[in-house]
Amino acid sequence: MFKKIALVVVVLVAGVLVYATTRPDALHVQRAARIKAPPEKIVPLISDFHSWTAWSPYEKVDPAMKRTYSGAASGKGAVYEWEGNSQVGQGRMEITETSPSRVTIKLDFVKPLEGHNIAAFTLIPQGDATNVAWTMDGPTPYIGKVIGVFVDMDHMIGKDFETGLANMKAIAEK
């Protein structure tokens with residue numbers, strides 16, 4: 001009986017590991033919101049990391065998180081590093097591009113899992129409002145594929161993006 005149970009467990013684990021190899025090699029998460037404000041009112045909320053404490057959902061997860069700002073005060077070259085509890089981990093962001101219609105950020109996670117992604121905010125004016133899209137793209141290593149078998153990363157990260165965009169909207173529309 002023990003051998004049968006062990007065999008079933010081994011087959012299930014092997015099946016998960018093999019299935020994980022079929023998962024996508026890249027992660028793409030995107031959410032968007034319509035904000036009744038011009039891009040010039042929204043871009044500073046994104047391009048100045050000091051402003052993120054007001055709208056980013058990740059800032060509220062660990063109030064004791066250590067934050068370090070360096071490089072430019074805002075815009076291209078601005079750097080934000082964090083180190084927090086197990087939920088926020090440790091990482092670094094650097095703004096690599098800023099324009100009235102786009103802010104691009106190099107996003108490097110150190111803990112709990114290493115990851116290297118590109119986050120981007122695209123702003124498209126439309127009448128009296130701006131459509132803001134928040135995306136994150138990056139490679140998915142094998143361990144990420146295994147985790148992805150059990151956790152829907154698009155759903156998990158997407159909910160955070162939705163919250164962040166709603167917070168940004170509330171601030172920009174004041």
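**Predicted fold and surface properties**

Counted from the N terminus, the elements of the protein follow the order α-β-α-α-β-β-β-β-β-β-α-α; helices (H or I, at least four residues) and strands (E, at least two) are DSSP runs, numbered from the N terminus. The model is predicted, with pLDDT of at least 70 required for local features and 80 or more for side-chain atom pairs, while totals for chains, interfaces and linings use all residues. Residue numbers start from 1 along each chain as its sequence is written, and side-chain values rest on heavy atoms, with hydrogens and water left out.

**Overall architecture**
- The protein contains five helices and seven strands.
- Along the principal axes, its C-alpha atoms fill a box of roughly 70 × 35 × 25 Å.
- Of the contacts (heavy atoms within 4.5 Å) between residues at least 6 apart in sequence, 52% join residues at least 24 apart.

**Surface and charge**
- The accessible surface (Shrake-Rupley method, 1.4 Å probe) amounts to about 10,000 Å², and carbon and sulfur atoms account for 64% of this surface.
- Of the 174 residues in the protein, 35% are buried, meaning under 20% relative accessible area with a 1.4 Å probe and protein chains only.
- There are 19 positive (Lys and Arg) and 18 negative (Asp and Glu) side chains, and the centres of the two sets lie 5 Å apart, with charges placed at NZ of Lys, CZ of Arg, CG of Asp or CD of Glu.

**Gly 148**
- Gly 148 belongs to helix α4 (residues 142-150).
- Gly 148 counts as buried because its relative accessibility is 11%.
- Gly 148 and Arg 23 are separated by 125 residues in sequence, yet their C-alpha atoms are 7.8 Å apart in space.

Key: Buried means under 20% relative accessible area, exposed over 50%, partly exposed in between (1.4 Å probe, protein chains only).
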